[in-house]
Amino acid sequence: TNPKIFIMTSLPTGEVGKILSISGFSRLLFLLLAVVSLFHGTLQAEIKKYQTYYVKVDPNQDDKATEIKLASFKRPHMRAFHFSWFCFFTAFFIWFAIAPLLPEISLTLGLSKQQVWTSNICSVAGTIIMRFINGPLCDKYGARILMGVVLAAASIPCACTGLVQNAAQLYILRFFIGLGGSTFVMCQYWTSSMFTKEVAGTANAIVGGWGNLGGGVTQLIMGSVLFPLFKAGGMSAEQAWRTVCLVPACVGVLMGLVTIKQSDDCPKGNYAEMKKNGTMAEVSASASFRSGAMNINTWLLFIQYACCFGVELTMNNAAASYFKATFELSTESAAAIASLFGWMNLFARGLGGFLSDKANYRYGMRGRLGFQTLCLVAEGLMVFIFANTKSLGLAIFVMVIFSTFVQAAEGSTFGIVPYVNPPVTGSISGIVGAGGNVGAVCFGLGFRNLDTKHAFYLMASCICVSGVISSMIFIKGHAGLLTGQDSPEVIASYRKTGEAVSTTLKIPQVDTAAAAKLADDSFHTSPYEEEEA
């Protein structure tokens, strides 16, 4: 209502004095231009695919959701949530389809223990480079298209499993199938793009856990359902394992196509559209990667993730063979028991993220780091116990507890990742995610060259040491595990007693000199107007 108040509170500081010094028709003209300019800018900023959402959102965090409605499949937030975990689940279905069949494949191809473990190492090594690459590509192109393309691409070598004739071909095949494991980066980036940092720990943990559940389900479906079913249909054991991998390949291609067509990159739409209409700046993938890689916290989390997700990948490859050899079980029975490790993802990883968020609410980043340490140390102790268990029933029980801490540590890790450097979360997610595969390669080499018991001891020792690393993580503005304090803004954010810090909105500062000049100007304001200003 008052043009000078409008100018003073709406324009950049350096321009206010200049505008207010103009009089008469020129002032009116400048005011009209300012209104048109600001109105045009507002329209540009509000161009988005959806004008209403079905969850509560934070406008200061790019309309990211502040709540998770698991029963909803509405676009964009919850649709992306469910697509992210199911795509990662499908990737596991493709990735580890061979694992429960390895005892049969070994018989057909005459493989030694070392050759089997070399193929296991190849299966997890293939995705390391892709995880480094996919992180910055997510920052540039979004998760949706990358997710669909990688799923479809990994399905091709999976469908070719039946053509393998020797160990070398198996190595190459599993290396290229393993590229599908890089979908984890898109999975975590996608939910970080859809949910605020305050609930990102829970969201990332649930989608990661339900996706990882594919490892356990694959053991059960491929080893205990489809493989016996194909044999019951008249096939020999060799014909069955050479044919059954067509099933996950078909599922992967279908899911990849549906993902691209039926989901969104972020709350305001797809990256390509947002860049076209000017609501999103172009991102340099190389600059994003450099920023993420230059942060020491990224590499500390890389090591910790190697000692939780790397352990899970190792167990996905080793569990069925371990139970068959140690307790003299059939392929079907060993696969069913091994699947229990992955089934813990149904709740454990989500629980880890949820408890990390709760610890953050009460103690800030110190709470997250403390919970991370607890999970890793407990996980390492469980590995020691599991390696020394001689009873089948007790071994299964210990494995379930062991798996629970593994998944909880994974969820806790990615409750910390969104805080490290928010603008390059994709690159950091890619680097940390690659740590899981590096861990799997290292532990795989241990199992390849040592006897099983000593390989477990080596793995357990590394896990316990990684828990101590939490004391070395220091994130700007946040307390460390043992030293430092959270900033007042951070405390206000996690305690929900004040507004969270926003890096996407800057309020122009009032030009005090121009404001003082108002007192002598002919357009005087009433006390009520001054109070409103």
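**Cysteines, rings and a pocket**

Student: How many disulfides does the structure hold?
Tutor: The structure holds zero disulfides, a disulfide being a pair of cysteine sulfur atoms within 2.5 Å. Cys 307, for instance, is in no disulfide, and the nearest cysteine sulfur, which belongs to Cys 462, is 5.9 Å away. This is a predicted model, in which local features need pLDDT of at least 70 and side-chain atom pairs count only at pLDDT 80 or more, while totals for chains, interfaces and linings use all residues. Residues are numbered from 1 along each chain as its sequence is written, and side-chain values use heavy atoms, with hydrogens and water left out.

Student: Is Cys 307 buried or exposed?
Tutor: Cys 307 counts as buried because its relative accessibility is 6%, where buried means under 20% relative accessible area, exposed over 50% and partly exposed in between, with a 1.4 Å probe and protein chains only.

Student: Switching to rings, how many aromatic pairs are there?
Tutor: The count comes to 33 aromatic pairs, taking rings of Phe, Tyr and Trp (its six-membered ring) whose centres lie within 6.5 Å, and calling planes under 30 degrees apart stacked, over 60 edge-to-face and the rest tilted. One of them is the edge-to-face pair of Phe 92 and Phe 309, at 6.3 Å centre to centre with 85 degrees between the planes.

Student: What does that pair tie together?
Tutor: Phe 92 lies in helix H4 (residues 77–95) and Phe 309 in helix H16, so the pair ties together parts that are 217 residues apart in sequence; helices here are DSSP runs (H or I, at least four residues), numbered from the N terminus. Phe 309 also forms a stacked pair with Phe 184, at 5.8 Å centre to centre and 15 degrees between the planes.

Student: Which helix gives the most to its lining?
Tutor: Helix H16 gives the most to the lining of the second largest pocket, with seven residues. Of the 16 lining residues, Lys 113, Trp 117, Ser 321, Tyr 322 and Ala 325 are the closest to the centre of this pocket.

Definitions and conventions
1 Å grid on protein atoms, 1.4 Å probe; cavity = no way out; pocket = protein on both sides within 12 Å on 5 of 7 lines; lining within 4 Å. Helix = DSSP H or I, 4+ residues; strand = E, 2+ residues; numbered from the N terminus.
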